[in-house]
Amino acid sequence: MGDQAAGDIVLDVAALRVLAHPMRLTLLEHLRQRGPATARQLAEHYEIDSGAASYHLRQLAAGGLIEEDTQRGTRRDRWWQARHRSSVHDPVRGGPDEREDSRGYLHAVLLAYSEQLRRLAYTAPLLPDEWYEASTFSNYALRLTPAELNELKSELAAVVNKYRHREDDAGTPVAFQLHGFPLLEPDDDT
């Protein structure tokens, strides 16, 4: 979506394969948004086994997406941090060899987002008034061609990039998700 910004990683086939698991995406986003953490902390937060959390973190590290934070912890209590601010994957950039991995990644992204929304269902009613009033939960039904969807995607990326390039760390981490896809039924002609 749009131009690659400083701190972004363009996902290659190997990274797509690593991220083709929703829990890995969830853990990676947690480290990006909230900073370094241990497997034990992440396991407790997401209510998963600490061994499973450790396994997923090792897979993310092997894929070059996270690294050990050597300034914290001990050999027994390892801290992990994200290596990049965000991931960029645009299916149009990949070739036919990447298509299957790209689709696996998309599936994992959708599962991770749905889990994030499920968790939000319990916390959104408890948001402070200021954050509740600033939040948006919108759904737009548009009629677009593939070219128009690409144009919309580029225009929205330009707006998002305006806020991504801040020099300071002011503010609170905010999940801002945009989804654009055709609402096709199996018997639709495309």
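Colleague: Which helix gives the largest share of the lining of the second largest pocket?
Modeller: This is a predicted model, so local features need pLDDT of at least 70 and side-chain atom pairs pLDDT 80 or more, while totals for chains, interfaces and linings use all residues. Residues are numbered from 1 along each chain as its sequence is written, and side-chain values use heavy atoms, without hydrogens and water. Both α3 (39-46) and α4 (50-62) supply at least two lining residues (helices are DSSP runs of H or I, at least four residues; strands are E, at least two). The largest share, three residues, comes from α4.

Colleague: How much space lies in the second largest pocket?
Modeller: Among the residues lining the second largest pocket are Thr38, Ser54, Arg58, Asp77 and Trp80. A pocket is an open set of points on a 1 Å grid where a 1.4 Å probe fits, with protein on both sides within 12 Å along at least five of seven lines; lining residues have an atom within 4 Å of a point. The space in the second largest pocket is about 170 Å³.

Colleague: Which strands stand at the edges of the sheet?
Modeller: Three strands form an open, antiparallel sheet in the order β2-β4-β3. Each edge strand has a single partner, so one of its sides is left without a neighbour in the sheet. The edge strands are β2 (37-38) and β3 (66-68).

Colleague: How many bridges join β2 to β4?
Modeller: Strands pair if DSSP finds at least two bridges between them. β3 and β4 (residues 79-82) pair over three bridges, with isoleucine 66 opposite alanine 82 and glutamate 67 opposite glutamine 81. The number of bridges joining β2 to β4 is two.

Colleague: What angle does helix α2 make with β4?
Modeller: Helix α2 (residues 22-34) packs on the sheet and touches β2, β3 and β4 (contact means heavy atoms within 4.5 Å). Axes are fitted to C-alpha atoms, for helices over the stretch in contact, with angles from 0 to 180 degrees between N-to-C directions. The angle with β4 is about 85°.

Colleague: Which residue lies over the face of tryptophan 79?
Modeller: A charge sits over a ring if NZ of Lys or CZ of Arg is within 6 Å of the ring centre and within 35 degrees of the ring normal. At 5.2 Å from the ring centre of tryptophan 79 lies arginine 72.

Notes:
Points joined across faces, edges and corners; volume = space filled by probe spheres on them.
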